[in-house]
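Reader: Please give me a close look at a single part of this model. Then set that part beside the rest of the chain.

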Amino acid sequence: MITGNPRDTALAMLKEDKTADEIAEVTGLSEGEIAAIAQTEELTQHHAKQRGRAYLSALAWALKSDSAKIRTKAERVKGDLDDLVATRQKEIEAQEARAQIESLENQLATARAKLRYATTGKKSPLPSTGTDSKKERDKIRAWARSNGYEVSDRGVISNEIRNAWNNRDQAQDG
């Protein structure tokens, strides 16, 4: 039994790396209440790491168990974890490749626009990268409206407006 505020006790125990079960036993709080305290106090990452260490420890124990049933279960879990790690790595590599492709496509489009200008003398709009944030798009829209352009609240911002936005400093100087 504890004396004092169970929340304060739970918080102190969270900071001492105690498990949720240990905290619940001492304070009488539910796991949900303990989780809420941990989240409120921004201690959830810490507990996630602790839980991860507990999982790894349990897996190591199970792989060495005298019980064939426990070892078999541990091997299955280990195999599933290995599969998840490999799948995650492939997804990370795919995301990186997609980002690289997008970057290279933007560079190629810019180079093509520059070549067109160099060979024909006609300026063509540089392509949009499409990577600006909502905040940036909102800024462009607000600027466009204040400068007499018609622009929608959503969707793609036209190249005409993007070019005007990109060249706004030159227009003010001239």
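Author: Helices (H or I, at least four residues) and strands (E, at least two) are DSSP runs, numbered from the N terminus. The model is predicted, so local features need pLDDT of at least 70 and side-chain atom pairs count only at pLDDT 80 or more, while totals for chains, interfaces and linings use all residues. Residues are numbered from 1 along each chain as its sequence is written, and side-chain values use heavy atoms, with hydrogens and water left out.

Our part is helix H7. This helix covers residues 159–166. Which residues of H7 are buried? They are Ile-161, Arg-162, Ala-164 and Trp-165. Now look down the axis of H7. The buried residues fall within an arc of 160 degrees (taken from the directions from the helix axis to the C-beta atoms), so they line one face of the helix. Next, turn to the face that points away from the buried side. There sit Glu-160 and Asn-166, both exposed. So H7 has a face lined by buried residues, and its opposite face carries exposed ones.

Now step back to the whole protein. It has eight helices and zero strands. Along the sequence, the pattern reads α-α-α-α-α-α-α-α. Of its 174 residues, 18% are buried.

Next come the charged pairs. Side chains of opposite charge can pair when their charged atoms come close. A salt bridge here means a side-chain nitrogen of Lys or Arg within 4 Å of a carboxyl oxygen of Asp or Glu. The whole structure holds three of them.

Take Asp-82 and Lys-78. Their side chains form a salt bridge at 3.3 Å, N to O. Both belong to helix H5, four residues apart, so about one helical turn separates them. Asp-82 is partly exposed, at 42% relative accessible area. Lys-78 is partly exposed too, at 33%.

Arg-98 and Glu-91 make another salt bridge, with N to O at 3.2 Å. Arg-98 has 47% relative accessibility, so it counts as partly exposed. Glu-91 is also partly exposed, at 38%.

Then there is Asp-153, bridged to Arg-145. The closest N and O atoms of this pair are 2.6 Å apart. At 62% relative accessibility, Asp-153 is exposed. Arg-145 reaches 39%, which makes it partly exposed.

Patches use residues with over 30% relative accessible area and no salt bridge: like charges are joined within 9 Å, and nonpolar side chains (Val, Leu, Ile, Met, Phe, Trp, Tyr) within 5 Å. Val-77, Leu-81 and Leu-84 make a nonpolar patch of about 260 Å² (Shrake-Rupley method, 1.4 Å probe; for residues, only the protein chains shown count as cover). Leu-81 lies in helix H5, which covers residues 68–120. At 40% relative accessibility, Leu-81 is partly exposed.

Technical notes:
Buried < 20%, exposed > 50% of the residue type's maximum accessible area, 1.4 Å probe, protein only.
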